[in-house]
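Hi there,

Here is the structure I promised to pass on. Have a look at it first, and then read on for what turned up.

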Amino acid sequence: MSAQAPSTTTIGTGRIGDSPARPDGILKVTGEFAYASDLWMEDMIWGVTLRSPHPHARIRSVDIGPALATPGVYAVLLADDVPGRNAFGLEHDDQPVLADGVVRYQGEPVALVAADHPEIARQAAKRVVVDYEPLPRVTDGRRALDPDAPTVHPDGNLVRHLKIRKGDPEVTAPVVVELDFEVGMQDQAFLGPESGLAVPAEDGGVDLYVATQWLHVDQRQICQALGMPLEKVRLSLSGVGGAFGGREDLSMHVHACLLALHTGKPVKMVYNREESFFGHVHRHPAYLHYEYGADEDGRLVYGRANIVFDGGAYASSTAAVVGNGGTMGLGPYRFPNVHVDCFGVYTNNPPCGAMRGFGCVQAAFAHEAMMDELADRIGVDRLAIRQLNGMTEGDQNITGQVIDSAAPVAELLRIVHDLPLPPAATGELDLRSLPGGVSNTTHGESVVRGIGYAVTYKNVGFSEGFDDYSTARVRLETVAGEPLVTVHTAAAEVGQGLVTIEQQICRTELGVDRVVVHPKDTSVGSGGSTSASRQTYVTGGAVKAACEAVRRLVLERAAVSVGQAADSLRLEGGKVVSLGGEVVAGLADVLGDQPVEETVEWRHRPTQPVDPETGQGNAHVQYAFSAHRAVVDVDTELGLVKVVALDTAQDVGRALNPAAVVGQIHGGSAQGMGLALM
Amino acid sequence: MRITTTVNGERREVDDVWEGESLLYVLRERMGLPGSKNACEQGECGSCTVMLDGVPVCACLVAAGQAEGREVVTVEGLADPDALHPVQTAFVDAGAVQCGFCTPGLVVAAADLLQRSPRPSDPEIREALAGNLCRCTGYEKILDAVRLAADRMAGAEVAR
């Protein structure tokens, strides 16, 4: 069987600050890298999901008889077949594994079918007879808290209300701008669909090979649904075809395990693209009402905002998205007086949760449009008004947190402003480069060029008091006469390049070139989530700490054998050397046949929950700042646009792998551009 | 039904194929060649691109029966036994691979482009790869990779 993603090894240099090749790069260009949808076992069968066609309905009855009678079908399962608690969720376990009496969104899983061919399973699923009674629905986030709105859950439609209050609530200003904004739903659309293989185990448990962003939080939720202890449900990360937040929540995980345990056979589930859109959370649609007051020079006096995030039918990470959207809702600017209300609500829309930017993106659309409007109203330059009000190190944000590291808003804007502009279109025009492109909608008449600037900031790591840690196990041993490092974490590699970073840190800390990245699984402690831009920092921190612990032991061992103090020795080039660089012993000799292994948990500095009445507090660990400049041609008759250039400057701190950082910025910018244009 | 095709230079025969199966399904699930990817299965993303009688196609849109008696080359058949295809090497070197799910399709499409047009212009590269979606890279490094492969292949040509 080929269920486990291969462990990967790279020989050569590639330390911190270098940009070595990915250890999985060759496997990926040759088609040999095993993604979750590539898994295969000799006697495996296929699982499919039957989903609700209604956004809100009561289930009067379900008849599985015709489906179960289909030749080739092994099982048809309903809510009653969930042995543990039929509920999961990242923050609140409010989402059923299979709908129990009611469906709350179109696409909610109702039944599972396993068969020996995926098409037979799909056909059989159509033979499950569900009698629905449609119920009144709420599908507009702005109406969800109305007294007469249909309730999605018994406790009402409010997921979270975050209040931020700062300064004088009655303050006025000579210039006032007030606008409304709306941001639609966006999908992560990672290319590798939700997939996995669940294999029933001899101990009565199950092994799940799956594409995810956080193995241990999946494991906890699966165990609750299966009614099994942690040790009976083991997860391994298979190849992940992108994530962008869409794999933070469970999709087919419990379903495949249920079918495997029920049939005693390995069960593979692979969503197609349509099901993938139903099968994961999306970026929240948002409705934003903003009012800014400023003095006549453009200096901000106050910011007021009312923001509603439509969380859809289940909470997922809505409360944390509200946390981000509210606390960073007014952007990286100094506001002496603040009044923000940020709501997350339930509706009968598809559930929304994590997607790249996580609440900051919707707010950025509003706060940057507000800055443009304010500049135009006062008659000052749009860039200058941002530089005038932009945060600098030592400023407070709207929750009263002091930004105690670089906050280079004005500098980032200056950098993008000073970049060369693309040349103006002259002479013979290439239709492909005009708005509308090969559709031949214009030959350049009525096309004008605009330039826009925007800045934003976003937290790095989990916030508001979350115990955000990662675990790393590092082993140093002699293999075939040479020192070899094995680094084992459960932190998910989803394409971003964490496996490369883990190798770079080990090489740098232990002075050993050969580093094997152990397959990611739950046999080591949690690595935390691959989200919030946190893995390089937090799992990277854990790997570094584990290396330091290993190094300490190795140098103590070397100190005894060479008769020098451990603190006068270091590791370099596979040797134990003196501080001056003189070789004292071979590392392989010091290690002999006794490996050194250490496992370490690492945490970033703690954050705090914000005050429930004022929203004040040190909610976030640290921030990343960015500025963009977009050059856009617009056909003013048709409204078609062509992005001619999108430039960005971002404060990334120290780039551990500059090429990978650039790759992330390219990809993130393209996804942001997609939201802006589509 | 039984299907007989040549895949990556090797004659392959598979039995019990259901008429509704795509070439992609047969490659992935019946021939043990999962390199061609199943990202959309509706001809939008190009991640399943293979060569069918020398022409790039979306394997998800080709009924398995249509491949009967024909020649298929997948990403697994692109490299020589002892060396990667220059496009494969360039994708690794240029940093054009992140999650990699689009990569097999892009590598096959780019190799086809460079065979037809060894020194493509940027608009030509964009057009040739317009049927291949990537969600990670923003495409910049993919364009870099194709230019790099073209340069290296032209260099190798001159050196010969």
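This is a predicted model: local features need pLDDT of at least 70, side-chain atom pairs count only at pLDDT 80 or more; totals for chains, interfaces and linings use all residues.

Strand 9 and strand 14 (residues 286-294) of chain A run antiparallel to each other, joined over 9 bridges. Both are part of an open sheet of 5 strands in chain A, ordered 8-16-15-14-9, with mixed pairing. Strand 8 (158-166) and strand 9 (175-183) of chain A are the edge strands; each has a single partner strand, so one side of each has no neighbour in the sheet. From one strand to the next, the twist averages 5°. Helix 8 (residues 360-378) of chain A packs on this sheet and touches strands 9, 14 and 15 (300-310) of chain A. The direction of helix 8 makes about 150° with that of strand 9 of chain A.

Next, helix 10 (residues 409-418) of chain A. Its buried residues are A:Val409, A:Leu412, A:Leu413 and A:Val416. Viewed down the axis of helix 10, these buried residues fall within an arc of 100°, so they line one face of the helix.

One residue of strand 25 of chain A is A:Val631. Beyond its neighbours within four places in sequence, A:Val631 contacts A:Leu421, A:Pro422, A:Arg449, A:Ile451, A:Val644 and A:Ala645. From A:Val409, A:Val631 is 222 residues away in sequence and 20 Å away in space, C-alpha to C-alpha.

Helix 12 (residues 535-562) of chain A has 28 residues and reaches 38 Å from its first C-alpha to its last, close to the expected 40 Å. Just after helix 12, A:Gly563 takes a positive phi of about 70°.

Finally, the two chains meet: 38 residues of chain B are in contact with 37 residues of chain A. On the chain B side, helix 2 (86-93), helix 3 (103-116) and helix 5 (140-159) each give two or more residues. By class, that side has 20 nonpolar, 13 polar and 5 charged residues.

Best wishes

How values were computed. Residues are numbered from 1 along each chain as its sequence is written. Chains are lettered from A and ligands numbered from 1 in the order in which they are written. Two strands pair if DSSP finds at least two bridges between them. Helices (H or I, at least four residues) and strands (E, at least two) are DSSP runs, numbered from the N terminus. Axes are lines fitted to C-alpha atoms, for helices over the stretch in contact, and angles run from 0 to 180 degrees between N-to-C directions. Two residues are in contact if their C-beta atoms, placed from the backbone, lie within 7 Å. A residue is buried if 20 or more other C-beta atoms lie within 10 Å of its own, exposed if 12 or fewer, and partly exposed in between; C-beta atoms are placed from the backbone. The arc is that of the directions from the helix axis to the C-beta atoms. Ala, Val, Leu, Ile, Met, Phe, Trp, Tyr, Cys and Pro count as nonpolar, Asp, Glu, Lys and Arg as charged, and the others, Gly among them, as polar. The expected span of a helix is 1.5 Å times one less than its number of residues.
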